[in-house]
Every structure is written in structure tokens, then in C-alpha cells.
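Me: Hey, I've got this one open in the viewer and I'd like to talk it through. Can you help me out?

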Amino acid sequence: MRRHPLVVGLAALVVAAVVGLVLAYTAGAGPAETSEALFDGMFGSPFAVGTSLNNAALLMLIAAGFTIAYRAGLVNVGGEGQMCLGGICATAVGVSLPESVPSVLGVAGVLIAAAIGGACWASIAAYLKVRRGTSEIITTLLLNFVGLAAVVLVVHEPALLRQPMTSSETLPQSEPLGEYYRLALLGMHKSPATIALVVALIAVVGVGILLQRSATGLKLRSVGLSPRASRRLGISVDRLGFSSLTAAGAFSGVAGGMIVATAPYVLAEGFSSGFGFTGLVVGLLARGSMTAVAAVSLLLGFLVSGGINLQLAVGVPASTVSVVESVLIILIAGASIWTTTTTIRARQKEAVLV
């Protein structure tokens, strides 16, 4: 029971929260003041709750895709870059579709374009992994920087997606998406929460069924545990590896498209706001459990909103949230190593006794 992903995740979150309070205290904010600012940022208003739910939806999508690749033994560190390409493709479609296209088809087209963009970006690393044996961790990580640079390029270049300048103070950004190609609101009172949460929950349930109740999920698990044994069983290891990493990119791409299709409905520098890396944290925390993916995404989604208010209200540096996320990664990685080592030692002892 103590090794269950939820238990390990909650323990890591408690330790990380303590570290965050200590950092806030060193920045001059007391525990009570810090807690109040954090709570207001997460639950203080319908706007805060809606923003947190939108954040959680993005994290769910990225973490769900990460889990698919992780089940096949691959680690997708490129969520940020895949979000960037998804956002670029979504914007290109959203600003070019005619208004005569029905809203449902328009939104679907924007999100499909985002998925294709993210999948194509991830397929570069997947191809290098399958054909050249290059570490997907390195390639996906490096592609993040190329993706971020691509966003800078398209929003600065008038021949691409840059909105015509209206004044010297206008920041480089794309034109707004058409009114009919934006994500609908959930209808909560004074809340910006969109149907992104519904889409993300459906995706989480679908991935859970795929991994736990399908032959494909069983094959992915087999490949992740032992590629050599899987080949002997006739499983196409390369095909599954390529498909799983590409699928992870598609999920991240959709997350990028959802950001563009949510207010203020434009593509701009830094639009991804580090969600790709935060989604990686969620995937590591969940450790393959889709229930944990949903729970941790909600928790970190609210934490991100609370962290922004923490910076505005009490002057705590924004980097504090990044430090807390880093502590989470270290703790989860350490717990994973400890669990694996303990299991191996236990099996070795049983073998000796037998």
C-alpha cells in the first residue's frame, strides 16, 4: 500500500509543500500570509477556479500522452515543443477558415490540426529512436528549444502568422482565432472554464481503457518491460515505440491548440507557459495510474494559479513554483528507484530461500 502511486505522490507533495513554505518564508512572506495568498489564487473567485480547471485540463492531456509512451519504455520530455507546434498549426487553421464553416467543425479542425502538429514534431524523435537508436530523452528535450524558436519566428514574421502592427506598443502575436473556432465555456458563473476539461477527462478515460483493457495496452507493457522478449513473441517493438511517442506528441499538440483556442485566442511568445514541463511532472507523479493523472493534474493546475497570485500578492518569486516542481521530480524519481531496488532484493532473497 505504501508503494501505491497515489500514496507516493501525496507524500512527495507534502514534502514539496513544506519546501515551498520555507522558500516563501525566506522571501519575507509568513506561513499564514503565504497560505492565504495561495488559497485565494486557487479558490478565491470563480475566475481563479475556472483558470485552474483550464490549467488542469492541459496537464491531463500532456500527462496522458506521456503515460502512453512511458508504458512502452519511452520518456517524452518534449511536451513543451510539441505544444508549440500544436499551437502554430491550430492558429494557422483558426485564422484561415472561412466563417461559413460550422462552429463544431471549426473547433474540431483546430484541435485536429494541433494534434497533427504535435504528432509530427514527436515523430522526429520517434524516428531517430527507432532507426538510429538515439535517446528520445535527448532528442525530445532539444526539440523543445526548436519549437519555442518556431513560435518566435511565426509571430514576428509578417509573411507567416504575425498580426499587422496597430501601434508601436503592440506585442508580436498572431491574429485572433475566428469567433466560431474558439472553445466553448462550461457555463459556470463568471468562470473562464472551457470544454477543455471535458475533452481532457474523456482522453484520460480513453487512455486508461487502452492501457488496461486492450491488447495494445498489453503489448505496450510488454515492450516497456522487455523489448527483446517482445520481439521473440512476434510483437512489432519498433512500430509500437514509434506510435506511442507520436501519440504522446499528439496529446501535447492538442494541449497547445487548446491554449490558442482559449482567451485571448492568439498565439504569442511564451504562450505555452511551461505546461509541457509541468505535464511531465504529472506523468512522473502518476507513475502509470490514470486516476493519479487526473488527481495530480487538478492539484497542480490549482497550484499553478495559486503560484501566480502568490507572486502578485506577497512578492514571492515565480521561480518558487518551479523549485517545488523540481523537488517533486527528485522525490518521485528517488521513490521509483527505491521501489525497484527493494523489489529486486526481495525476489533475490526469495530465490535464495527456495
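Me: Which helices each supply at least two residues of the lining of the largest pocket?
Reply: Those are α3 (46–71), α10, α11, α12 (290–314) and α13 (319–353). Keep in mind that this is a predicted model.

Me: OK, and how much space lies in that largest pocket?
Reply: About 980 Å³.

Me: Which residues of the lining lie nearest its centre?
Reply: Asn 55, Ser 273, Phe 275, Val 304 and Ile 308 do, out of 38 residues that line the largest pocket.

Me: How does that lining divide into nonpolar, polar and charged?
Reply: You get 23 nonpolar residues, 13 polar and 2 charged.

Me: Let's zoom out. How many helices and strands are there in the protein?
Reply: The protein has 13 helices and 0 strands.

Me: How much of the protein counts as buried?
Reply: Of its 354 residues, 46% do. The protein exposes about 17,200 Å², and 67% of that comes from carbon and sulfur atoms.

Me: What about contacts between residues at least 6 apart in sequence: what share joins residues at least 24 apart?
Reply: That share is 77%.

Me: Which residues in α6 are buried?
Reply: Glu 136, Thr 139, Thr 140, Leu 143, Asn 144, Gly 147, Val 151, Val 154 and Val 155.

Me: And what covers them?
Reply: The cover includes α4 (79–94), α5 (103–132), α10 (237–260) and α11 (275–286).

Me: α10 again! How many of its residues are buried?
Reply: 19 of its 24 residues, so α10 is mostly covered. As for length, α10 should span 34 Å at 1.5 Å a residue, and its end C-alpha atoms are 35 Å apart, which agrees.

Me: What comes between α10 and α11?
Reply: A loop, and Pro 264 lies in it. The peptide bond from Ala 263 to Pro 264 is cis, with omega near 10°. Tyr 265 is in that loop too, and Tyr 265 has a positive phi of about 65° although it is not a glycine.

Me: Where does Lys 190 lie?
Reply: Lys 190 is in the loop between α6 and α7 (196–213). Lys 190 also has a positive phi, about 50°, without being a glycine.

Me: Is Lys 190 buried or exposed?
Reply: Exposed, because its relative accessible area is 65% and the cut-off for exposed is over 50%.

Me: And Thr 67, buried or exposed?
Reply: Thr 67 lies in helix α3 and counts as buried, because its relative accessibility is 2%. Buried means under 20%.

Me: What is Thr 67 in contact with, leaving aside neighbours within four places in sequence?
Reply: Leu 211, Gly 288, Met 290 and Val 293.

Me: Last one. Where does Val 101 lie?
Reply: Val 101 is in the loop between α4 and α5. Not counting residues up to four places away in sequence, Val 101 touches Gly 106 and Tyr 181. Val 101 and Tyr 180 are 79 residues apart along the chain, and their C-alpha atoms are separated by 8.2 Å.

Definitions and conventions:
Residues are numbered from 1 along each chain as its sequence is written. This is a predicted model: local features need pLDDT of at least 70, side-chain atom pairs count only at pLDDT 80 or more; totals for chains, interfaces and linings use all residues. Side-chain values use heavy atoms; hydrogens and water are left out. Buried means under 20% relative accessible area, exposed over 50%, partly exposed in between (1.4 Å probe, protein chains only). Helices (H or I, at least four residues) and strands (E, at least two) are DSSP runs, numbered from the N terminus. Contact means heavy atoms within 4.5 Å. Accessible areas come from the Shrake-Rupley method with a 1.4 Å probe; for residues, only the protein chains shown count as cover. On a 1 Å grid over the protein atoms alone, a cavity is a set of points where a 1.4 Å probe fits but cannot get out, and a pocket is an open set with protein on both sides within 12 Å along at least five of seven lines; lining residues have an atom within 4 Å of a point. Grid points are joined across faces, edges and corners, and a volume is the space filled by probe spheres set on the points. Ala, Val, Leu, Ile, Met, Phe, Trp, Tyr, Cys and Pro count as nonpolar, Asp, Glu, Lys and Arg as charged, and the others, Gly among them, as polar. The expected span of a helix is 1.5 Å times one less than its number of residues.
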